[in-house]
Structures are given as structure tokens and as C-alpha cells.
Amino acid sequence: MAAARDFVAAVAELTGPDAVVWCDGSEAERDRLTEELCQAGTLIRLDPELRPNSFLARSDPKDVARVESATFICSAEESDAGPTNNWRDPAEMRAELLRVFAGSMRGRTMYVVPFSMGPVGGPASKVGIEITDSPYVVVSMRLMTRMGEAAMDQIDGGAEWVPAVHSVGMPLVTDGAAVLPDVPWPCNETKYITHFPDDREIWSFGSGYGGNALLGKKCYALRIASVLARDEGWLAEHMLLIRLRHADGRQFHVAAAFPSACGKTNLAMLRSVLPEWTVTTLGDDIVWLRPGEDGRLWAINPEAGFFGVAPGTGAGTNPTAVDTLTHDVIFTNVALTDDGDVWWEGLTPEAPEHLIDWVGQDWTPEVGAETGRPAAHPNSRFTVSAAQCPMIDPDWDAGEGVPVDLILFGGRRASNVPLVTAAEDWEHGVFFGATISSERTAAAEGAVGELRRDPFAMLPFCGYHMGDYFGHWLSVGERLGDRAPRIAAVNWFRKGADGSFLWPGFSENARVLDWLLRLVDGEVTGRQTPLGVAPADGELQLDGLDLPAADLDELHRVDPAAWSEEADRCAGYFAQFGDRLPVAMSRQLAALRERMS
Ligand code: GTP
Ligand code: SPV
Ligand code: MN
């Protein structure tokens with residue numbers, strides 16, 4: 001407790017805010033902050049009838065996504081960050097942070113935000129304190145985590161906590177004591193999203209957006225937590241989590257790792273086209289998994305809300321998300337309608353006749369067509385409490401979590417990767433995870449569409465050496481033995497010769513889950529392919545689906561020549577891990593090569 005207060009005092013001393021406010025997480029506090037944010041022009045209150053208690057924020061156009069190039073893992077040894085992370089010497093980074101944070105909150109209020117990842121006091125939960133000069137971050141953290149007094153009580157009661165310091169990096173008082181005007185979305189060209197895994201500490205400077213600023217999410221629940229998980233024998237993963245109940249009473253839990261903007265929120269809110277299955281949502285982005293006393297792998301969602309991609313979310317693709325967003329939502333970088341509501345590409349088939357786009361300019365479908373500018377930024381997002389999702393699972397808040405039966409890995413692959421392949425065993429499944437590649441999306445800066453390797457969908461989120469991380473997955477599997485969940489690879493994004501998706505996706509994905517769960521239960525056996533186990537003829541339930549036989553063949557096709565090239569690329573990728581690549585992964589790669597020849 002003293003440590004927490006000393007830490008807050010030290011950060012205040014360094015950053016020089018006008019005031020320090022300890023947040024209690026109350027509704028009154030939220031109302032006060034949103035009112036202030038509206039006054040400041042950061043938030044626009046949406047029409048209270050159409051979208052009660054909801055707001056629109058427009059970020060600085062230079063602060064719209066995670067900045068992977070400015071994300072650092074500052075472990076004592078460079079080799080512990082590994083070749084897939086940016087590393088900085090911790091002492092050098094601390095010196096740089098002292099420099100940029102010095103006076104960075106002048107003229108602003110510093111908020112102290114205690115939060116719990118996982119239900120407060122739960123056996124797998126962890127606490128932290130985010131210190132921030134962004135009230136937008138405070139109201140977002142209130143939706144995304146269990147924030148406020150109850151979390152602080154845990155810290156006061158002696159729970160280990162992670163300090164997480166955040167500044168938008170735009171003081172309102174200069175070194176020469178001149179007072180500057182504020183802007184709706186303060187940020188800084190210089191950005192540092194830094195992690196000190198040895199000290200379990202997070203410092204983030206210069207951005208107010210998403211995972212750069214809501215430090216409980218990627219920084220804590222993935223980068224720092226993956227290190228804790230390595231040391232303590234569990235897994236911190238970029239996964240969704242759902243429960244599927246069969247009409248006959250059986251139930252299963254499925255976790256799935258897909259890269260950013262590759263369909264986790266959609267699958268998390270799956271409305272099954274197969275009437276025998278009912279899905280409920282447990283989480284859409286992060287899952288903490290630990291071997292339980294019964295030898296099974298138990299999962300919790302450490303978050304309390306959804307920070308979901310808006311574009312592409314509509315009644316046809318994700319009706320549950322649409323129904324979740326009817327009130328108490330913070331939208332960021334979507335378009336504003338003339339009646340004070342929001343819109344984004346894909347919300348409805350046709351755009352309204354007039355909008356204010358995400359940069360605050362007039363937008364019409366004609367302007368959009370002429371300029372190619374979307375009305376909503378491709379990485380525009382909604383922030384909303386999970387509790388108001390109409391299909392949230394009754395146990396989503398349960399501290400002990402749920403036992404996992406099936407783990408999926410997937411990415412966006414226009415070619416080569418079949419619709420579904422089950423792994424032979426855990427080691428083969430770890431190889432699936434280690435070899436995920438995906439076309440880049442707008443969730444991070446960089447060229448959209450470019451194919452990149454994204455092992456376990458954790459490339460931007462693993463807090464230590466990726467080779468060691470593969471090894472850690474293998475060791476967890478050894479511990480679970482025959483109680484380990486089944487693992488499978490899926491790809492909803494394979495395209496035909498005309499460039500359109502072959503698989504209808506969305507609610508139809510239930511057909512793939514149905515086959516996999518029947519495989520888990522021994523009802524079907526599948527057929528062997530050079531990649532693993534695929535549905536045998538007739539096993540995939542396709543009734544009611546208008547899918548040409550040729551498309552189905554293409555969805556399942558395994559092209560040996562293309563896969564030999566995949567294997568070469570994979571070998572090139574694995575080479576960077578040197579002797580920290582587990583032998584099991586080289587063995588799996590060699591086996592794949594042999595099956596392709
Ligand atoms: P992060 O929040 O960034 O980690 O991503 P996420 O994986 O939760 O992303 P989300 O579910 O919001 O993915 C959004 C994008 O995936 C949208 O463009 C959707 O249209 C697309 N998408 C989701 N499911 C499917 C599917 O089954 N088929 C196709 N073709 N697209 C899909
Ligand atoms: C992702 O990019 O995977 C997200 C959004 O879930 S952010 O929180 O910004 O990282
Ligand atoms: Mn994510």
C-alpha cells in the first residue's frame with residue numbers, strides 16, 4: 001500500500017500535473033469525466049434517444065492504431081526479448097523515459113486508475129494501477145477492466161500489482177511557463193510503448209489510442225502476463241473464448257487465436273446456423289489459460305469489455321455486436337450521422353446521404369467513391385462493457401473460468417491454407433500455432449494486405465523470446481498430457497480465382513466448429529491429409545448452404561508444391577530463433593516436408 005502511494009507520488013513529482021485524482025470507478029465519476037471530455041471537444045455526445053449515454057471520439061489522424069515500431073521489450077538481456085521484439089537496454093530506456101516524462105503532465109490532471117484483470121479477487125486475476133493524464137483512457141478503462149475501489153482494496157490488501165504509467169505527452173505548460181491551449185486529442189509524434197518484464201512495469205508515452213494507452217490490455221494482459229505465465233506455468237493468449245451448448249445437453253469451450261482484425265469478435269459472438277448449437281460469449285480478445293487441479297486447461301477472460309473493430313460489423317455479419325452497441329458505448333473514429341448517431345462501412349449496406357467522417361469533414365457516398373476515403377477509419381473501434389452483450393455467458397465473470405476442449409489457430413490467407421485441419425496431437429498443434437501467417441490489417445501501422453508470420457497471433461504481444469514461448473507451449477502440453485484440448489487450424493479467408501471469399505463465414509463458421517467438436521467427441525474420424533485431419537466426405541454439415549462443389553474442393557485443397565514453398569518460408573522464419581527453437585518444431589517442419597514430397 002505504501003509502495004503504491006509512493007509510486008504515485010514519484011510519478012506526480014516527475015510529470016508535474018496540476019492535480020492528482022484517485023479514481024473510484026463510480027458512475028458519478030464517469031459522468032463527471034464524460035461531461036468534461038465533451039466540454040474539451042474530445043467526446044461528442046450522441047443523440048440520447050438513438051444512442052443513450054454514448055459518445056464519439058475522433059483521434060488525431062496520426063494516432064489511430066498500435067505502433068509496433070515504437071513498442072519495446074526492455075529485458076536485461078537482449079536475447080530474452082528475442083528477434084521478433086524491439087529491445088532496448090532497460091537503463092537506457094529508463095533514462096529516455098525520465099527525459100520525456102519530465103513535466104509531461106504539466107497543466108493536466110493525473111488520474112490514478114486501480115484495475116483488476118479478471119474478476120476482482122479471482123484465483124487467476126491480477127491487479128495493476130494505470131496512471132494517466134488522459135480522461136478518455138480513464139472512462140475506457142472503466143469499460144475494459146474492473147476499475148476502481150475494489151481493485152485498490154486488493155492492492156491495499158497486499159496483492160502484487162503492476163505499475164503502468166501513461167502520458168499523452170503533450171503538457172499544457174511550457175518549460176518557460178507559457179500556457180498552451182489544449183486540443184481534442186492530445187498526443188506526441190514521439191511514442192514509446194515500453195515494457196520492463198524483469199520489473200513487471202509498463203511505461204507508455206505519446207499515444208492515446210487503444211492498446212497503446214489502455215495499458216491493462218495488450219501491455220499487461222499479454223506482454224507482461226506472458227512473462228508471468230512463462231514463469232508460473234500458464235498461458236496468456238490473444239484469443240477469444242466461447243461456450244457451445246448442444247441441444248442434447250453436452251457443452252464445450254473453445255478458445256481461438258486469430259491476428260488483429262481477423263475475426264475474433266465475430267466468432268466470439270457467433271450465432272450458429274445449426275439449430276442444435278447455442279453459443280455464448282466469454283471473451284473476444286484475451287484469454288488466460290492455466291492447468292487446473294483436474295488436469296484440464298482452464299480459461300478466463302481477464303477483460304471486462306470489448307474494444308472491437310467497427311467496420312464490417314453489421315446486422316448481416318455480427319448482429320450480436322450491433323445489439324450490444326445500443327447504449328453506453330464510446331466509439332472512436334467512426335462517422336457521425338446528421339441525426340447524431342454513428343455509422344461505419346458495413347453497418348448498413350448503403351451509406352447515409354451525408355455524414356461527418358472520422359476526420360470531422362463532410363462526407364457523402366459520392367465523395368467516398370471519388371476519393372476512396374472511407375467515412376470511418378479502417379481501425380475505428382467501439383468500447384463497450386461485456387456485461388451488456390445479449391449473448392454473454394452467465395459464467396463470464398466466474399473467477400475459476402471454464403475448461404477448454406478445443407483451441408483454434410487461424411489467419412487471413414487468400415490461398416493455400418484449407419478451411420479446417422485438426423492437429424494430430426498437441427505438438428502438431430503447437431506447430432500450427434507457430435506457423436500462423438496472415439495478411440496485415442489496419443489494426444497496426446504498416447502496409448495492409450502484406451503477408452506476415454504471426455505465430456499464435458502473438459507476434460506483437462509476446463513479452464519474451466518467441467522460441468522460448470514455443471517451448472513453453474510444449475511444456476504446458478506435456479503437463480496436460482491426454483487431458484489437453486484438441487488443436488485445429490482454420491481459415492475463413494481463402495479466395496477463389498475471382499478474388500471473392502470461397503467460404504461464407506460468420507454464422508456459417510458454426511459448421512466448422514460442429515465438425516471439430518464431433519471429432520473431439522469421437523463421433524466422426526475425418527480423413528488424413530498431408531497437413532493433418534480434414535473432414536471426410538459428408539462429415540461437414542452443409543445442408544442449407546449454397547456452396548458449389550468446386551468451391552468446397554478448393555476450400556479443402558492442399559497443393560503440395562505450394563506447401564513445399566510454405567515449408568521453405570517457414571524454415572527461413574524459424575532460422576532466426578537459432579538454438580532457442582525447440583527441436584520439436586524442426587521435427588514437425590521436417591515431417592511436413594516429407595509428407596509434401
Ligand atoms: P482485434 O480486436 O484487432 O484483435 O481483432 P478481432 O480478431 O477481434 O477482429 P474482428 O472480429 O473485429 O474482425 C473484423 C474483421 O474480420 C472484419 O473485417 C470482418 O468482416 C472480418 N471477418 C470476421 N469474421 C469473418 C468471416 O467469417 N469471414 C470473413 N470473410 N471475414 C470475417
Ligand atoms: C489488436 O490490435 O489486436 C486489438 C486492438 O485488439 S488494440 O487494443 O489497439 O491492440
Ligand atoms: Mn486484439
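**Ligand 1.** I began with the shell of ligand 1, which holds 20 residues, the closest being A261, K264, T265, R381 and F506. For "near" I used a heavy atom within 4 Å of the molecule.

Before going on, I noted the ground rules: this is a predicted model, where local features need pLDDT of at least 70, side-chain atom pairs count only at pLDDT 80 or more, and totals for chains, interfaces and linings use all residues. Residues are numbered from 1 along each chain as its sequence is written, chains are lettered from A and ligands numbered from 1 in the order in which they are written, and side-chain values use heavy atoms, with hydrogens and water left out.

Next I looked for polar contacts, meaning pairs of N or O atoms within 3.5 Å (within protein, one must be able to donate a hydrogen and the other to accept it, and residues adjacent in sequence count only if both atoms are side-chain atoms). R381 has a polar side-chain atom 2.8 Å from an oxygen atom of ligand 1. For T265 I read 2.9 Å to an oxygen atom of the ligand, and for an N or O atom in the side chain of N266, 3.1 Å. Of the 670 Å² of accessible area that ligand 1 has on its own, the protein covers 90%; these areas come from the Shrake-Rupley method with a 1.4 Å probe, and for residues only the protein chains shown count as cover.

Which elements each supply at least two residues of this shell? I found α9 (264-268) and β18 (305-309), with α9 giving the most, three residues. Helices (H or I, at least four residues) and strands (E, at least two) are DSSP runs, numbered from the N terminus.

**Ligand 2.** I then turned to ligand 2, whose surrounding residues include R66, K218, H238, D285 and R381. The side chain of D285 has an N or O atom 3.3 Å from a ligand oxygen. The protein covers 98% of the 290 Å² that ligand 2 has on its own. Two or more residues of the shell come from each of α7 (210-213) and α8 (216-232).

**Cysteines.** How many disulfides are there? I counted zero, taking a disulfide as a pair of cysteine sulfur atoms within 2.5 Å. C262 has its nearest cysteine sulfur, that of C462, 18 Å away. C570 is too far for a bond, because its sulfur is 17 Å from the closest one, in C462.

C262 is buried at 1% relative accessible area, and C570 is buried at 3%. Buried means under 20%, exposed over 50% and partly exposed in between (1.4 Å probe, protein chains only).

**Positive phi.** Most residues other than glycine have a negative phi, so I checked the exceptions. R200 has phi near 55 degrees and sits in the loop between β10 (192-196) and β11 (201-205). A457 also has phi near 55 degrees, in the loop between β29 (451-453) and α13 (466-480). Buried or partly exposed? R200 is partly exposed at 26%, whereas A457 is buried at 1%.

**Helix α5.** Last, I found α5 (residues 135-144) largely enclosed by the rest of the structure, because eight of its ten residues are buried. Among them are Y136, S140 and M144.
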